[in-house]
Amino acid sequence: MNEIKQIEDHLFNQADPQDTVLFEAKLILDSGLQENVTWQQKTYTLVKQYGRKKLKAELEAVHQQLFALKEHRSFAQKIRALFSR
Amino acid sequence: MELYKTSFPVIAKYISRRGGSFDEAKDIFQDAVVLYYEKLVENKLNLQVNEQAYLLGIARHLWIRKYNLNSRNIDIDEAGQLTEQEEPLPLTHKLLDFLENAGQKCMDLLKAFYYDKLNMGEVAQQFGYSGERSATVQKYKCLEKVRDTVKQKALTYEDFLE
C-alpha cells in the first residue's frame, strides 16, 4: 500500500523533492517498481475511460428519453426538423 | 436533462447548418458535454464563460477536427485536450468490460475520486465508510486490486501493450 501511494505521488507530482530523488533512485535499481509504475499509469487511464463510459451512458439515457417519450415530442420534432432539409 | 434541453438545440443547429447529420450532432454534443464536465470538476473553467457558449465552442472544435478543415487554427492546448478524447482501443474495451463485471464497486470508488474529483469526505459518505481515513485506505486497496488485474489481463491480451 505504501508503494501504491508513493507511485501515485510520483505520477501526480505530489511528492516532496527529497522523496522524489529517493524514488527516482529506486526506480533505476528496481525493475519491478518500474513495471508497477507502468501498470498504475494504465490503471488511471482505465479509470478515466470508465468514468467517460458511465457519463456517456447517462447522457444516452437522457437522449433516449427526450427523443422517445411523448411529453418531449415538440422538443424532438423541433430538433429533427433541423435535419430534414 | 436541463442541460440537454437548453444546449442540444444550439449545437444541433450549428451542426445542421454545416451539413452534419442528427447522429453526428448527437455524438459531438455528448463528447462536448464530457469535456465540459471534466473541466468543470477540475475547476479549470473561467466562471464568466456561459455554459452554452462554452459547449458550442468545444462542439465547433470537434466538428472542425472531424473534418480536418482549418486544423491549423486549433491551438495546441485545445488540440491536446481533444486527442485524449480518442476512443479506447478494442482491448481496452475488453478490459473495461471485465473490470465492470468483476470489480464494479472498486471501479465506482476510483471513478468518484479520480474522475468525478470528489474529496475523500464525500467519497466516504457516498460509499458508506466511517471516515476519510478508511475511505483512503480502501481507495489504495482498490487501486492495487485493479492494477493487479490490469497486469494479469494485459499479459493474456498481448496487444494491450501499445
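**A walk through chains A and B**

Of the 85 residues in chain A, 13% count as buried, where buried means that 20 or more other C-beta atoms, placed from the backbone, lie within 10 Å of a residue's own. This is a predicted model, in which local features need pLDDT of at least 70 and side-chain atom pairs count only at pLDDT 80 or more, while totals for chains, interfaces and linings use all residues. Residues are numbered from 1 along each chain as its sequence is written, with chains lettered from A and ligands numbered from 1 in the order in which they are written.

Let's begin with chain A. Its secondary structure comes to four helices and zero strands, taking DSSP runs of H or I with at least four residues as helices and of E with at least two as strands, numbered from the N terminus. Chain A is more spread out than a compact globule, because its radius of gyration is 24 Å, well over the 12 Å that the globule rule gives for 85 residues; the radius is taken over C-alpha atoms, and the rule is 2.2 Å times the number of residues to the power 0.38. The C-alpha trace of chain A spans about 65 × 25 × 20 Å along its principal axes.

Now to the cores. A nonpolar core is a set of buried Ala, Val, Leu, Ile, Met, Phe, Trp, Tyr and Cys residues joined through C-beta atoms within 7 Å. The largest has 19 residues, and Leu46(A) and Val123(B) are among those touching the most other members. Two or more residues each come from helix 3 (31-68) of chain A and from helix 5 (90-102), helix 6 (104-115), helix 7 (120-127) and helix 8 (132-156) of chain B. Helix 6 of chain B gives the most, with seven residues. Apart from this core lies another, of 17 residues, including Phe29(B) and Ile58(B).

Key:
Buried ≥ 20, exposed ≤ 12 C-beta atoms within 10 Å, placed from the backbone.
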